[in-house]
Amino acid sequence: MSWYNEVEYIRKQARLNNEFFANSLPMIASENVLSPLCREMLITDFHGRYAEGTPGKRYYEGCEIFDRVEEKAMELAKKLFNCSYADVRPTSGTTANIAVLKALIKPGETATVLDLANGAHISFGKWGGAGVRGINLVSYPFNDEEMNIDVDGAVKLIKKIKPKLCLNGRSVFLFPSPIKELAKAAHEVGAYLVYDAAHVLGLIGGKQFQDPLREGADVVNGSTHKTLPGPQGGMILSDHKGDTDDDKSFLRKIGFGVFPGVTSSYHLHHVAAKAIAFAEHLEFGEAYAKQTIKNAQALAQSLHERGFKVFGEKLGFTRSHQILLAIGPGKGKQASKKLADAGVITNMNTIPGDEDPLNPSGLRLGTPELTRIGMKESEMAEVAEFYKRIILDHDDTKKVKRDIKDFRKDYQTLCYCFKENFRGYDYFELV
Ligand SMILES: Cc1ncc(COP(=O)(O)O)c(C=O)c1O
């Protein structure tokens, strides 16, 4: 028997997966599809090379050409986010978060955070990165109706407990956080404010969400593959200039947190693809972010009109790429499974008041991928109708699945990138 059969088995699964997503409605808020020119970088020789350190200061030879790429990626990132410091090395949003925790807080010290049930991410939770760093976590009060940090309560909390770090990390991120107020309180007690923009980085780069660095955040972390539709990876931004000894030391600590803190080599092919994603976002990001948000708002409204309980109603449901639905106590999993069987890919999610993350009561939806394949507000009404048929009308799953496949036929190429006519889901076309 040849082991090549196993190779063919994996290749077949990859083709099936491409086909599956090309025929579905992919609506996981943290996902996106990669542009052809970003994708090209992933199969270059940058893959597999080592470049520990920073451009010009390497532990390995052979990095001169890659140094130009990393320099360009940093330059484009600073331009895109209008800031003076960018580190493009973190291999994920989680890695970026842990690097910053390593840099700015010591075990046993206190940070303020959001609760998981209110939409925080595990990397700032006790079972994730913050727990690994041994940090004492204290939660902000939360306003369920506004789906946001209770700003007065949070300011009081910060002033009372004087944390070392004030963290803002949100996986359910419907409305901008009150960063001005939190940063002011943090700075008064000598703390730094860290804004985890994993989800909303592309909306910020597209100038359609809040601008945390202008509002007082000291550091902005993020994933480079969500609303910013680049390769899987992370990054760290700051507008600290390093113009005093203290400030220099602050930036040095962050760099040291990334390497040697949480990376060795850092996936050079992804850094090259990040540089291309930044250039594409400078070119198309504003239009893309605007349409992504418009689509989320249109979808939320259409779902509401069809009888779904959509969070944030008083504030227009959402100002981001996300929508949060209440499905019924402990019924999130059942609903996400039913949707997936019919070809709508979402995830179950905790909602305010949930205590069991394994049996949550909500669904989180996102519009980044549907927007990228060219859908606009009118298509969102059709998408909402599919949700109604699946969840509320209990239509025949197989029939809905056929209808979704048919609906998807007209949306098979990527928009908001160079080489727009590429069939974004067909990886094998490129090889
Ligand atoms: C707020 C937040 N931070 C960090 C992350 C982790 O990002 P990554 O998957 O890039 O590690 C996520 C993931 O969705 C997130 O929602």
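Biologist: Which helix gives the most to the shell around the ligand?

Modeller: In this predicted model, local features need pLDDT of at least 70, side-chain atom pairs count only at pLDDT 80 or more, and totals for chains, interfaces and linings use all residues. Residues are numbered from 1 along each chain as its sequence is written, and side-chain values use heavy atoms, leaving out hydrogens and water. Helices (H or I, at least four residues) and strands (E, at least two) are DSSP runs, numbered from the N terminus. With 3 residues in the shell, the one that gives the most is residues 93-104, helix H4.

Biologist: Which residue has a side-chain N or O atom 2.6 Å from an oxygen atom of the ligand?

Modeller: Polar contacts are pairs of N or O atoms within 3.5 Å; within protein, one must be able to donate a hydrogen and the other to accept it, and residues adjacent in sequence count only if both atoms are side-chain atoms. For Ser92 the distance to a ligand oxygen is 3.4 Å, and for a polar side-chain atom of His199 it is 3.5 Å. The 2.6 Å distance belongs to Ser171.

Biologist: What percentage of the ligand's accessible area does the protein cover?

Modeller: Areas come from the Shrake-Rupley method with a 1.4 Å probe; for residues, only the protein chains shown count as cover. On its own the ligand has 400 Å² of accessible area, of which the protein covers 86%.

Biologist: Is Asn347 buried or exposed?

Modeller: Asn347 lies in strand E16 (residues 347-349), and its side chain makes a polar contact of 3.2 Å with that of Asn349. Buried means under 20% relative accessible area, exposed over 50%, and partly exposed in between (1.4 Å probe, protein chains only). Because its relative accessibility is 17%, Asn347 counts as buried.

Biologist: Which residue in E17 is the bridge partner of Asn347?

Modeller: Two strands pair if DSSP finds at least two bridges between them. E16 and strand E17 (residues 362-366) run antiparallel and are joined by 3 bridges. The partner of Asn347 in E17 is Arg364.

Biologist: Which strands stand at the edges of the sheet?

Modeller: The open sheet has 4 strands, paired antiparallel in the order E13-E14-E17-E16. Two of them have a single partner strand each, so one side of each is left without a neighbour in the sheet: E13 (309-310) and E16.
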